[in-house]
Amino acid sequence: MSQGLLKTLEIAHGALADYGVDHALIGGLALGGHGVHRATLDVDLLVDGARRTETLTALRAVGFEVAGEERQVERLLAALEARGRAGA
């Protein structure tokens, strides 16, 4: 991982921590920490959806552009719940 990318992640982490937003690095960059290298052009963070406003405010305050807001985890949990009900 490049020094520039590490600095960028440190800035994002600091901003979210300052606003009290728990977060986790996920996606392609997180895989790199486990020895799996995958080309990626974005940073994926997992945050509590209830802290959406604080998350956006924190990241924008330090110059980040939020390009998209995926709700993949919510969809996955709903699918797993529905599958559990179907199997019961």
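Helix α4, residues 72-87, supplies the largest share of the nonpolar patch, 4 residues. The model is a predicted one. Take Leu80, which lies in α4. Its relative accessibility is 47%. Buried means under 20% and exposed over 50%, so Leu80 counts as partly exposed.

Now turn to helix α3, residues 52-61. Which of its residues are buried? They are Thr55, Leu56, Ala58 and Leu59. These residues span an arc of only 165° around the axis, so they sit on the same side of α3. The spacing fits a general rule. An α-helix has 3.6 residues a turn, so residues three or four places apart point the same way.

What covers this buried side? Helix α1 (3-18) and strand β2 (44-47) are among the elements over the buried residues of α3. The face turned away from the buried side carries Thr53 and Ala61, both exposed.

Thr55 belongs to α3. Why does Thr55 count as buried? Because its relative accessibility is 9%, and the cut-off for buried is under 20%. Leaving aside neighbours within four places in sequence, Thr55 is in contact with Leu16, Val21 and Val47.

Follow the chain past the helix. Just after α3 comes Gly63, with a positive phi of about 95°.

Key. Residues numbered from 1 in each chain as written. Predicted model: local features only at pLDDT ≥ 70, side-chain atom pairs only at ≥ 80, totals over all residues. Heavy atoms only, no water. Helix = DSSP H or I, 4+ residues; strand = E, 2+ residues; numbered from the N terminus. Buried < 20%, exposed > 50% of the residue type's maximum accessible area, 1.4 Å probe, protein only. Arc of directions from axis to C-beta. Contact = heavy atoms within 4.5 Å.
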